[in-house]
Amino acid sequence: MTHASVHNEILDTLAASAMPVNSLQQQALQEFIRLGLPGPKNEEYKHTPISRVLEKSINPSLPFQSEGKVPDEKLWKLNSIPAYQVVFLNGKFVAKQSQLPQGIDIIPMHTARDLQVVSDHLGKYADFKSDSFTAWNTAAWTDGIFINIPEDYTVDTPIILYYLHDATAGQVKSITRNLIIAGKNSKVTIVEKWFTQGSDAVISNTVSEILLREKTSVNHVVVQTDDSNHIQYLHNQFWQEAESLLNSYVITLSGMFIRNNTRVALDGACESHLYGLYLLKDNAFTDNHTVVDHRKPNAFSNELYKGVLDGKSNGVFNGKIYVRQGAQKTNAFQSNRNLLLSDQAVAHTKPQLEIWADDVKCSHGCTVGQLDEDALFYLRARGIDKETAKAMLLYAFAAEVIETLPHDGIKNFLDTLIRDRLHNSF
Amino acid sequence: MLTIRNLYARVGDKEILKGIDLEVKAGEVHAIMGPNGSGKSTLAAVLAGREDFEVTDGSVEYLGKNLLEMEPDERAREGIFLAFQYPVEIPGVSTINFMKTAVNQVRIHRGQEPLDAVSFLQLMKEKMKLVDIDQALLSRSLNEGFSGGEKKRNEIFQMAMLEPRLAILDETDSGLDIDALKIVANGVNKLRSKDNAIIVVTHYQRLLNYIVPDFVHVLYKGRIVKSGGKELALELESKGYDWIKSEAEVA
Ligand SMILES: Nc1ncnc2c1ncn2[C@@H]1O[C@H](COP(=O)(O)OP(=O)(O)OP(=O)(O)O)[C@@H](O)[C@H]1O
Ligand SMILES: [Mg+2]
């Protein structure tokens, strides 16, 4: 079989999973077919061989398992903090496992899709004309969650979205689509987490559109710890109005193949903090593409992504900052720092700034380096064994990313996760 | 306690130590002096286990063991302490948080119970007083933005916490004001006992007024070219190194 024909078969298989029910979906499907699967010539996927990985993992002649069993809670549930939970299995909402907050609209997407407010917003923020996987998601999602937080409402307890996969009896595709509207002056913390049981291939595609109305405060935390045969595409599109505050965290502790798009449109004098951490080993691959789009004046954005790469792992960071013509007095900062622990690990980092306004403060910096040998020797010269000293230095490097996380429970949870990971594995 | 015989060490193609012989007994204080670039810090680093330096000949015996076969952390747990000439900055790691790990690893190695948080704090408070150092400083990222004197005091604080058998102080006096010098010397003198030994690398006689050495050695071009009692330091102070250099060249 030629390369092109496998490619097409995968494309056909994925396209066939779409059953457009409205013009948005029809349009998105056409875009998906027009865009095709990204190859190495696609600038946005230059170092991200997602099509090749799909060809290797997905068998077009076999069906996808849409049914399955919810894995044991112990394996995926975050127990250390009280939280609401929204559970999906193989891309479908599981009512029985979910615990939804009262006082806000929180509705599975397969029913919410008929609401006016949903059709007013869905597909308006996440651009499906430039990325095939977002196009595919828009055309073919099976479920998701719609969360509508009323004005002046504070949801203190975090809402955790669990995307579970049962891959014990065949390959799985999990296509979920969320819409979150944080009403004026509301506050909420959202967490996303994945877990796969079984060793068959999983392709997951999660796209969320998150609208921050005026004066909202949103913490958004992505926790990627899924250690399976899982190819993950994630696109979080934030849209911020004036005086809103976003704290976005993308924490990747394991994963075979991950592409994250984190995009923020600052459509008012607002504030965004984008943090990312990827701790990769063996053959793990993680790509973070971020876009910070300053559309209006007087907004502030700060971005810090850090990576530790061991084994033959591969990390990609691409950070775009746009400052549009009208966005005077913009402050935009970006930094990507990588530590390579092995000769065979690779980090690709690329900042891209496009600035059309003249009165702005922007800075960016990226580094790829090794663990500081002098620091390591210093700690060892105090009697600390090599492994512990190394873990201490890596922890110090990594912990900066979550240092300012405003939610203590989640911060402690991540802190423990990072500590355990660094003390056990590198 | 420490026996160095005919020690040669190099970095890359560059030979730095060219046959060092030195015997340090328990209870003694040795001062090592010598012009810049003569190899004093290299000797200290080799003793602490720095891997950048390759030992090409000779031997080092410490408490009856082959020191050169031990990992740097093992040497520290066995009681060797190096106060660095240039202490490194480690962002995100505070003195308090790594000293707790260090002290307990050393204690476990010595067959002592690890300290709990309360006893650790108690020990820390006591040693802080000894070197007159502030807790706020110890909670900050190690050496980041510390003044020269603060870095040196922090080294002595760590020494006091770890209670080494053999302390090697590499120019701990440089950059210290008179008061700090006395404090540091006092910290070092507290460690002096019949079981411990101290090697002080310094350029100045001044420190040796406070930490009185039993022996003074002059290191020049990778070799100890002269040894004597504490008077030798005074002689160097007044005459400089030229006479030693010419003596060494002749020999
Ligand atoms: N990593 C290295 N690479 C190359 N040369 C080195 C290295 N470390 C030390 N040297 C050289 O070895 C020689 C001895 O250096 P060392 O630091 O031991 O001197 P020192 O006696 O401590 O001097 P000072 O009194 O200035 O502290 C110097 O010429 C120095 O440049
Ligand atoms: Mg020196």
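## A helix pair to start with

B:Asp73 and B:Arg77 sit four residues apart, about one turn of the helix, and both belong to helix H2 of chain B. Helices here are DSSP runs of H or I with at least four residues, strands are runs of E with at least two, and both are numbered from the N terminus. An α-helix has 3.6 residues a turn, so residues three or four places apart point the same way. The side chains of B:Asp73 and B:Arg77 meet in a salt bridge at 3.3 Å, N to O; the term stands for a side-chain nitrogen of Lys or Arg within 4 Å of a carboxyl oxygen of Asp or Glu.

B:Asp73 is buried, with a relative accessible area of 5%, and B:Arg77 counts as buried at 16%. Buried means under 20% relative accessible area, exposed over 50%, and partly exposed in between, with a 1.4 Å probe and protein chains only.

## About the model

This is a predicted model, in which local features need pLDDT of at least 70 and side-chain atom pairs count only at pLDDT 80 or more, while totals for chains, interfaces and linings use all residues. Residues are numbered from 1 along each chain as its sequence is written, chains are lettered from A and ligands numbered from 1 in the order in which they are written, and side-chain values use heavy atoms, with hydrogens and water left out.

## Where the two chains meet

Let us turn to the interface. Chain B brings 33 residues to the contact and chain A brings 17 residues, where contact means heavy atoms within 4.5 Å. The area buried between chain B and chain A is about 1900 Å², and carbon and sulfur atoms give 64% of this area. Buried area is the accessible area (1.4 Å probe) that two parts lose on being put together, summed over both. Three residues, B:Arg50, B:Asp73 and B:Phe84, supply 27% of the area that chain B buries against chain A, more than any other three residues.

Between the chains there are ten residue pairs in polar contact, both residues at pLDDT 80 or more. A polar contact is a pair of N or O atoms within 3.5 Å; within protein, one must be able to donate a hydrogen and the other to accept it, and residues adjacent in sequence count only if both atoms are side-chain atoms. On the side of chain B that touches chain A, the elements that give two or more residues are H1, helix H2 (72–77), E6, E7, helix H3 (95–109) and helix H6 (148–162) of chain B. H3(B) gives the most to this side, with six residues. The residues of this side divide into 19 nonpolar, eight polar and six charged. Here Ala, Val, Leu, Ile, Met, Phe, Trp, Tyr, Cys and Pro count as nonpolar, Asp, Glu, Lys and Arg as charged, and the others, Gly among them, as polar.

## Salt bridges across and within chains

Four salt bridges are counted between chain B and chain A. A:Arg380 takes part in a salt bridge with B:Asp73 at 2.8 Å, N to O, and in another with B:Glu71 at 2.5 Å, N to O. A:Arg380 lies in helix H8 (residues 373–380) of chain A and B:Glu71 in the loop between strand E5 (65–66) and H2 of chain B, so the pair joins two chains. A:Arg380 is buried at a relative accessible area of 4%, whereas B:Glu71 counts as partly exposed at 37%.

Over all chains, a search of the whole structure finds 31 salt bridges. In one of them, A:Arg213 pairs with A:Glu241, the closest N and O atoms being 2.8 Å apart. This pair links distant parts of the chain, 28 residues apart: A:Arg213 is in the loop between strand E8 (202–212) and strand E9 (217–224) of chain A, and A:Glu241 is in the loop between strand E10 (230–240) and strand E11 (245–252) of chain A. A:Arg213 is partly exposed, with a relative accessible area of 27%.

The magnesium ion (ligand 2) is coordinated by B:Ser41 (OG) and B:Gln85 (OE1), at 2.0 to 2.1 Å. Donors are N, O and S atoms within 2.8 Å of the metal (3.2 Å for Na, K and Ca); water is not among the atoms, so sites may look incomplete. B:Ser41 counts as partly exposed at 29% relative accessibility, while B:Gln85 counts as buried at 16%.

Eight of the nine residues of H1(B) are buried, so this helix is largely enclosed by the rest of the structure. Just after H1(B), B:Gly49 takes a positive phi of about 105 degrees.
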